[in-house]
Amino acid sequence: MTPDLFSDTAEPWEEPLEDGAVVLRRFASSDARELLDAIEQVARQAPLRQMQTPGGHTMSAAMVCCGSWGWVTDRKGYRYQTTDPLTDRPWPDMPAVLRDLARAAAEQAGYPDFDPDACLINRYLPGAKMGLHQDKDEEDFEQPIVSVSLGSPIVFQFGGLRRSDRPQKIPLEHGDVVVWGGPSRLRYHGVLTLKSVEHPLTGACRYNLTFRKAR
Ligand code: MD3
Ligand code: FE
């Protein structure tokens, strides 16, 4: 048989992490092409851009949002808003294939009522990273966050509730979905620098989608 280098045919499996987080390995593999098409469609309506931190640094990951709320950062701070600051127009709609995947993953992890109103799309090229931080600009921390990794692999850092807690290193690969609920919701987290590793569907590039209930 000829191996198909472009599809990941392994069946998904679950790996529980600490504090109510669960990795759904390869959960998004069979939908990956459609998810990447949807990302491209969003990025045609609103460009991926490197935002500024309040401290004046440029983030190394490029970002864009879809859904009724989008997360932004600039010199004024971090916040959710309904419009793209580049155009003052509403963020692109969240494509159904994205929303459906996030809801299915949340349901599998025990959150059948999750209905994200924001999806942040992060694009990492080789050299990009994200330092340890907490996601706390959302209104209700009882709502989980669902993350989807596509393309090149990366090492995820899963810290504790204090910045000084030593993070665990967790490799995340194409198709992996993580549901961050319960006490894990407020843990510090980040990703190490992306190495230059080609993926057949994305080249040397990783996309991460995070689905949130902002309001
Ligand atoms: C744990 N993104 O967008 S995804 C972010 O790979 C973000 O782009 C990283 O952190 C990325 O805010 C990590 C995994 C993740 C996302 C949100 C979390 C882990 C989380 C929220 C709470 C706890
Ligand atoms: Fe985060």
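The model is predicted, so local features need pLDDT of at least 70 and side-chain atom pairs count only at pLDDT 80 or more, while totals for chains, interfaces and linings use all residues. Residues are numbered from 1 along each chain as its sequence is written, chains are lettered from A and ligands numbered from 1 in the order in which they are written, and side-chain values use heavy atoms, with hydrogens and water left out.

**Exercise 1.** Identify the protein donors of the iron ion (ligand 2).

*Solution.* Donors are N, O and S atoms within 2.8 Å of the metal (3.2 Å for Na, K and Ca), and since water is not among the atoms, sites may look incomplete. By this criterion the protein donors are His-133 (NE2), Asp-135 (OD) and His-189 (NE2), which lie 2.0 to 2.2 Å from the iron ion. Along the sequence, these donor residues follow the spacing H-x1-D-x53-H.

**Exercise 2.** Locate the partners of the salt bridge between Arg-187 and Glu-18, and decide whether Arg-187 is buried or exposed.

*Solution.* A salt bridge is a side-chain nitrogen of Lys or Arg within 4 Å of a carboxyl oxygen of Asp or Glu; here the closest N and O atoms are 3.2 Å apart. Arg-187 sits in the loop between β13 (177-180) and β14 (189-191), and Glu-18 in the loop between β1 (13-16) and β2 (21-25), 169 residues apart; strands (E, at least two residues) are DSSP runs, numbered from the N terminus, as are helices (H or I, at least four). Buried means under 20% relative accessible area, exposed over 50%, and partly exposed in between (1.4 Å probe, protein chains only). Arg-187, at 8%, is therefore buried, whereas Glu-18, at 44%, is partly exposed.
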